[in-house]
Amino acid sequence: MQTTPFCFSMKTMKQRETPDTLPFAAASDPAEWLDRYGDALYRYARLRVHDDYLAEDLVQETLLAAYKTRERFAGNATEKTWLIGILKHKIVDHFRRACRETTQEINDGVYASADVCFDEQGHWTIDIADWSRPDQALEQAQFWDVLSDCVERLPPRQARLFVLRDLDGLPSDEICQVLDISTTNNLWVMLSRMRLQLRNCLDMNWFHKGGS
Amino acid sequence: MLSCKDVSQLASKSLDTRLTWRERIGMRLHLLLCKLCRRYVRNLHLLHGMLAEARQADLEPLPFAVKMSDEGRQRIRRALDDTKRS
């Protein structure tokens, strides 16, 4: 994939933000982490939880946890990678908590909306168009924007499923555990519904508009 | 014979795990006859492929312009100061 003006490789950022010569002691001040990596951590969280305030909270939790465990930072990863690693855990913890609180209410919404795509015999009730791959850099950047909007519009449980599986590629047994899904068969069904919803949103807001 | 709904679920499942031979054959037979499902499978694969590429390249899909609010930054700074002092 091409690197677009809106998609920055973390590797490039690492070089810019943490020169190798930096002594560890100088950077172990959490306020300095906030200055250096605050926005990158925020973007990482914001993309996954779709809430400004919550994303800021997760950054705060991450920096506090990092400060408390700073002796454990081995120095074989960059500081940023280490902080992102902590943030990842904080996001998963958040999903775990949120899942316990909202499981019931969300299930209904999910099941209703995916089912209208099929009639009683299981035939499609909607038209499925062929998509063409967004190939220009600018087109791809716009595509990620639309995708991010579409994920935001999914019911929260489906959005979490998307983040864990399709964005971050977590193994299915771990996802079942985090989102409290009882069997992998249920997981396949939920993933299928989520992808169908997401496809429909992308079709309407991106491919249909761009392809015609 | 599998329905389109069944096939849509198998198409998604095949992105996560290996289908049984029975599922694979059923899906292939259906796809031979059904244009909409063929397109649906291609849609899913396109999206899945783009996401996998982004993950491998370690891309940050949100633009650099997305930043946390000043209030948020100050709140975090205060919390960090409190911890350092205690």
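**Exercise 1.** Does Asp180(A) count as buried or exposed, and how many C-beta neighbours lie inside 10 Å?

*Solution.* This is a predicted model, in which local features need pLDDT of at least 70, side-chain atom pairs count only at pLDDT 80 or more, and totals for chains, interfaces and linings use all residues. Residues are numbered from 1 along each chain as its sequence is written, while chains are lettered from A and ligands numbered from 1 in the order in which they are written.

Step 1. A residue is buried if 20 or more other C-beta atoms, placed from the backbone, lie within 10 Å of its own, exposed if 12 or fewer, and partly exposed in between.
Step 2. Asp180(A) has 11 such neighbours inside 10 Å and therefore counts as exposed.

**Exercise 2.** Locate His50(A) and Asp180(A), and describe the phi of each.

*Solution.* Step 1. Helices (H or I, at least four residues) and strands (E, at least two) are DSSP runs, numbered from the N terminus.
Step 2. His50(A) lies in the loop between α3 (30–49) and α4 (52–68) of chain A; Asp180(A) lies in the loop between α8 (172–178) and α9 (184–211) of chain A.
Step 3. Most residues other than glycine have a negative phi. His50(A), however, has a positive phi of about 55 degrees, and Asp180(A) has a positive phi near 55 degrees.
Step 4. With 19 other C-beta atoms within 10 Å, His50(A) is partly exposed.

**Exercise 3.** Describe the largest nonpolar core.

*Solution.* Step 1. A nonpolar core is a set of buried Ala, Val, Leu, Ile, Met, Phe, Trp, Tyr and Cys residues joined through C-beta atoms within 7 Å.
Step 2. The largest has 48 residues, and Leu41(A), Ala45(A), Val59(A) and Phe162(A) have the most contacts inside it.
Step 3. α3(A) gives the most to this core, with 10 residues.
Step 4. Two residues are in contact if their C-beta atoms, placed from the backbone, lie within 7 Å. Leaving aside residues up to four places away in sequence, Val59(A) touches residues including Leu41(A), Ala45(A), Met68(B) and Ile76(B).

**Exercise 4.** Where in chain A is confidence lowest, and where is it highest?

*Solution.* Step 1. pLDDT is the predictor's confidence in each residue, from 0 to 100.
Step 2. Chain A has a mean pLDDT of 78, and 77% of its residues reach 70 or more.
Step 3. Confidence is lowest in strand β1 (residues 8–9) of chain A, at a mean of 40, and highest in α4(A), at 92.
Step 4. The pLDDT is below 50 over residues 1–26 of chain A. Where pLDDT is low, the predicted coordinates should not be read in detail.
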